[in-house]
Amino acid sequence: MIVFPEHLLEGYRAFATQRLPTEQNRYRELSVKGQSPPVMVIGCCDSRVSPEVIFDVGPGELFVVRNIANLVPTYQPDENAHGVSAALEYAVTVLKVKHIVVLGHAQCGGIRAFVDKIEPLTPGDFIGKWMQMFIKPGEVVEQREHETMAQFVERIEKAAVFRSLENLMTFPFVRKAVESGQMQTHGAYFGVAEGSLFVLDKASKEFRNARSVEQAPRGSA
């Protein structure tokens, strides 16, 4: 007897009978021609923040990598395995995506663990070690005077987006694609409770509500 989460089986059955018939041709096309998504999203593992749901996209439209706190490490061509770096390498050099979006969010558990300086959950302290890449050597991250804890956490959640965008540019193939105009990088922040999306205005270094952001012409880079 196969034991599998029943709600997942029910979800698949609904997909197979309702959504799949309308997208079957798309799946067949993708199986033959392969994928060519124009956008890569680097998001958080948090189950409340699904890029495919937030951006209402279909199969083949996004290349997604998710990790704790949507972090991008710096370029480290050493003997260790690097999952995010491998995904970046494939997205940029093979898929040749036109955009990379770093998607942060409110109530991020990884950021909260970092802010609260929690004790290791296991002897491996994988979360603690992972979150350390968020800060530079010698950098101190502390709550500011007159800043509430909620404000502090939100500031650090958004700072993680900035740091990941900064780290992206340490990858030679990313920098080359950006500087040649073949690709753009973007930051975004999702408010879980309201379902609100904010996109980064790089000129002002502020996050703007997506509802008020001017939309670029479809098909433009």
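Start by selecting α4 in this predicted model: the buried residues of α4 pack against α5 (126–131) and α6. Helix α4 covers residues 109–116, and its buried members are Gly110, Ile111, Ala113, Phe114 and Val115. Step on to Lys117, which follows α4 and has a positive phi, near 50°.

**Along α6**

Select α6 next, residues 149–168. The end C-alpha atoms of α6 are 29 Å apart, in agreement with the 28 Å that its 20 residues should span at 1.5 Å a residue. Colour the buried positions of α6: Phe152, Val153, Ile156, Glu157, Lys158, Ala160, Val161, Arg163, Ser164, Leu165, Asn167 and Leu168. Charged side chains are part of that list, including Glu157, Lys158 and Arg163.

**Leu168 and the largest core**

Stay on Leu168 and show what surrounds this residue. Beyond its neighbours within four places in sequence, Leu168 is in contact with Ile42, Val72, Leu88, Ile100, Val102, Val174 and Thr185. Now display the largest nonpolar core, which has 27 residues. Met40, Ile42, Leu88, Ile100, Leu168 and Val174 have the most contacts inside this core. At least two residues each come from β1 (39–44), β2 (62–67), α3 (83–95), β3 (99–105), α6 and α7 (172–179). The largest share, 6 residues, is supplied by α3. Another core, of 14 residues, lies apart from this one; among its members are Leu71, Val115, Met131 and Phe152.

**Val102**

Centre on Val102, in strand β3. Is Val102 buried or exposed? Its relative accessible area is 0%, so Val102 is buried, the cut-off being under 20%. Setting aside neighbours within four places in sequence, Val102 is in contact with Ile42, Asn70, Val161, Ser164, Leu165, Leu168, His186, Gly187 and Ala188. For a distance check, pick Gly60: Val102 and Gly60 are 42 residues apart in sequence and 18 Å apart in space, C-alpha to C-alpha.

**The second largest pocket**

Finish at the second largest pocket, with a volume of about 260 Å³. Of its 16 lining residues, select Ala106, Glu154, Glu157, Lys158 and Tyr189, which are the closest to the pocket centre. Two or more lining residues come from each of α6, β4 (184–191), β5 (196–201) and β6 (206–209). Which element gives the largest share of the lining? Helix α6 does, with 6 residues. Coloured by class, the lining shows 7 nonpolar, 3 polar and 6 charged residues.

Note on methods:
Residues numbered from 1 in each chain as written. Predicted model: local features only at pLDDT ≥ 70, side-chain atom pairs only at ≥ 80, totals over all residues. Heavy atoms only, no water. 1 Å grid on protein atoms, 1.4 Å probe; cavity = no way out; pocket = protein on both sides within 12 Å on 5 of 7 lines; lining within 4 Å. Points joined across faces, edges and corners; volume = space filled by probe spheres on them. Helix = DSSP H or I, 4+ residues; strand = E, 2+ residues; numbered from the N terminus. Expected span 1.5 Å × (residues − 1). Buried < 20%, exposed > 50% of the residue type's maximum accessible area, 1.4 Å probe, protein only. Contact = heavy atoms within 4.5 Å. Core = buried A, V, L, I, M, F, W, Y, C linked by side-chain atoms within 4.5 Å.
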